[in-house]
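Open the model in your viewer and keep the selection panel handy. We will go from stop to stop, and each one tells you what to pick and what is there.

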Amino acid sequence: MISTNKLTKKFGDFTAVDNLTLSVKEGEILCLLGANGAGKSTTINMLLGFIKPTSGTAEIHGLDVAKNNLKTKEFITYIPENLMLYPSLTAVENLDYFAGIAGKELSPQMLTDFLKEAGLQEEAFQKRISTFSKGMRQKVGIALALAKDTKVLLLDEPTSGLDPKASNEFGELLQKLKNKGVAILMATHDLFRAKEVATHIGIMKDGKLRQQFVAENISLPELEKAYLDTMNYKEALS
Amino acid sequence: MIIKTFYKESKELWRDGRVRITFAIVVLLLGIAVWISARQYQNINEQHQIAQKAEREVWDNQGEKNPHSAAHYGTYAFKPKYPLSLVDQGVDKYVGSSIFLEAHKRNEAQFSAAADQTGLSRFGDLTPDFILLFIIPLLIILLGYNTFTKEREMGTLTLLKSQGITPWKWALGKWTALFLPVLLITALLFLITGLVLSNLKDFGVFNWQSLFSLFLVYIGYYIIFINIVLFISLKATKSGIALVLSLSVWILACLAAPKAASNIAEAKHPYPTRQEFAANVLKDKQNGLDGHNPWSKESKLLEQEVLAEYGVDSIHKLPFNFDAYRMQKGEEHEAEIYFKHYNYLKDQYSKQSDLYQSLALVSPYLPTRFLSMAIARTDYTAHWDFSDAAEDYRIATQKFLNANFAENSSYGEWGYRADADFWKKLPDFSYTPPKLNAILSSNASNLWILGAWMAVSFALFLITTKTV
């Protein structure tokens with residue numbers, strides 16, 4: 001579903017992503033951990049076709065993103081760190097618009113069903129987004145993924161700034177999507193949430209994928225240690 | 001995607017309180033402007049009809065009088081107030097509403113509305129053309145300056161791009177959402193104007209085709225503004241910058257360019273001063289036949305030519321009054337002089353207009369203003385046309401009077417009096433303004449310039465959407 005092959009992006013002399021090869025299959029969640037500037041967001045931007053790779057390929061649903069930019073968007077839903085929607089429109093209207101421009105014509109009943117499935121409270125459906133918290137907006141994003149019947153979900157720091165309850169709810173929603181066969185790639189700093197939701201975990205540093213684990217094979221302390229080791233914090237801990 | 005975006009944008013615009021208030025203010029201003037103009041139009045038309053009737057009665061009831069005395073007594077040609085002047089008053093306010101028609105002299109129109117106003121008139125009037133030419137473009141700026149910049153600032157552009165938008169379709173949806181309220185407000189104004197005019201007495205030359213043409217010209221003007229404002233919004237990084245740039249374009253196009261064009265045109269092709277004009281006419285008159293002077297060289301030459309033509313040796317033996325004949329020939333000579341000097345003025349005006357048109361390349365306001373005034377019959381060309389028709393009538397009147405004098409009296413019989421009923425035989429002055437087709441063909445260059453502005457600005461806008 002999601003794959004990169006020797007994906008590289010250079011900005012002048014700076015290499016943001018360096019020979020990155022990874023793969024996320026249907027029903028898998030890969031959480032990419034790493035400090036700021038590790039190359040997580042750049043990787044997602046290349047998968048979205050927002051920036052062109054210097055070399056290597058990024059593929060969505062078997063299609064090279066650079067060559068099939070518009071076509072690959074049909075399979076993708078993207079939820080950035082701070083999902084921004086139209087503040088003067090209601091949740092239903094926002095979902096209707098974004099699903100509509102993605103080519104999905106939905107009845108009012110379907111719109112409310114998807115919002116309900118995404119965990120948004122019913123009384124919020126007809127409220128303007130300007131009154132929504134970040135967690136509520138993320139749920140509209142998930143509703144969009146459900147409405148689009150998305151195959152690939154790309155998330156960039158989606159739980160940053162969410163309270164534990166909202167973060168937990170968000171994790172449950174990701175599990176739901178995973179069970180529907182969606183391939184999910186999530187860039188995050190949140191080790192706990194990554195361990196909770198991921199099927200696979202990767203640690204990036206300086207644009208390279210330094211370590212990769214099957215989530216069920218590693219405990220949270222082990223993951224934390226691996227992360228800190230990778231970040232060269234070993235000395236500080238010992 | 002176009003329709004979805006159109007609906008979304010329209011909802012956002014409608015829910016924005018500032019937009020609703022602005023929209024309401026513009027509609028209110030338009031209503032007031034139309035109401036004021038309709039009242040003015042009705043008042044002036046009534047005054048015009050009363051004055052015309054009274055003046056004709058005075059003319060008809062002169063009693064027995066020498067025709068040349070009647071020629072000096074004179075009459076008036078009243079310029080009709082055209083229905084579409086309700087939309088665009090053009091130069092009407094400044095050029096005078098009636099022309100005094102008398103022997104030997106072509107007078108300029110007098111009794112302009114501006115001359116009757118106090119210094120407060122310098123503040124300008126609230127007229128529909130002011131709203132149409134200045135305020136609605138400002139409304140477009142207010143509604144559209146952040147159309148694209150807000151997507152960047154709010155962060156919604158990222159989500160949109162991730163959904164796989166086709167930029168030109170998305171942009172066209174936004175364009176349509178901005179165009180529709182402007183179309184509605186303009187259509188409303190023109191519809192109200194049409195209904196008001198068609199229900200007024202003395203319908204005049206109003207027709208719906210002219211009104212519709214005027215409507216299309218303004219819609220074209222607004223399309224250009226929409227294209228420019230959205231182009232700026234696409235290119236600008238922040239809404240504040242987009243607003244400042246859009247307002248700068250408005251100032252340049254609507255305020256600075258027309259004034260600069262006037263200054264340049266006046267400096268390059270100046271009109272003679274009133275004194276120069278009068279002195280030039282007088283000089284030419286002195287070099288030709290004076291109908292009142294039987295002893296001049298030109299009069300003697302005319303006398304010899306007429307005697308030879310009729311084969312007689314004395315002007316007393318001519319079958320008509322030679323004094324009246326000479327008067328008529330003097331009139332014809334003076335008419336030619338006026339024709340020559342007024343043609344010079346027209347040439348200067350034409351050169352000024354050409355210069356204006358070349359400057360229309362930097363401002364869509366200029367071709368729009370020219371077309372608007374032309375279709376409303378309130379431009380200088382329409383005034384010249386009326387003035388020429390009045391002059392033709394003056395010449396015909398002098399001929400009519402001199403012919404009566406010549407045919408019914410003998411040489412030296414200055415005591416001759418025409419019958420009291422004679423004056424009624426002079427046909428009324430009637431003037432038909434140019435037809436719409438003629439106006440549009442004579443303004444073809446302005447139509448082309450406006451069309452070019454529309455095409456180029458729209459192409460620029462669409463091409464720029466690729467950078468989204």
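Chain B averages 85, and 96% of its residues score at least 70. Helices here are DSSP runs of H or I with at least four residues, strands are E runs of at least two, and both are numbered from the N terminus. Where pLDDT is low, the predicted coordinates should not be read in detail.

A word on the ground rules: this is a predicted model, in which local features need pLDDT of at least 70 and side-chain atom pairs count only at pLDDT 80 or more, while totals for chains, interfaces and linings use all residues. Residues are numbered from 1 along each chain as its sequence is written, chains are lettered from A and ligands numbered from 1 in the order in which they are written, and side-chain values use heavy atoms, with hydrogens and water left out.

Next, show the contact between the chains (heavy atoms within 4.5 Å). Chain A brings 25 residues to it and chain B brings 21. About 2,200 Å² is buried between chain A and chain B, 63% of it from carbon and sulfur atoms; buried area is the accessible area (1.4 Å probe) that two parts lose on being put together, summed over both. Now pick A:Tyr86, A:Tyr97 and A:Ile101: they supply 29% of the area that chain A buries against chain B, more than any other three residues.

Which residue pairs with B:Lys4 in a salt bridge? Select A:Asp96, and you will find the closest N and O atoms 2.8 Å apart. The interface holds 4 salt bridges, each a side-chain nitrogen of Lys or Arg within 4 Å of a carboxyl oxygen of Asp or Glu. On the side of chain A that touches chain B, the elements giving two or more residues are helix H2 (69–73), strand E6 (76–79), helix H3 (91–101) and helix H5 (134–148). The largest share, 6 residues, comes from H3(A).

Last stop: backbone angles. Most residues other than glycine have a negative phi. Centre on A:Lys6, whose phi is positive at about 50°, in strand E1 (residues 2–11) of chain A. A:Lys6 is exposed, with a relative accessible area of 52% (buried is under 20%, exposed over 50%, partly exposed in between; 1.4 Å probe, protein chains only). Then jump to A:Asp206, with a positive phi near 50°, in the loop between strand E9 (200–205) and strand E10 (208–214) of chain A. A:Asp206 is partly exposed, at 45%.

Key: pLDDT is the predictor's confidence in each residue, from 0 to 100.
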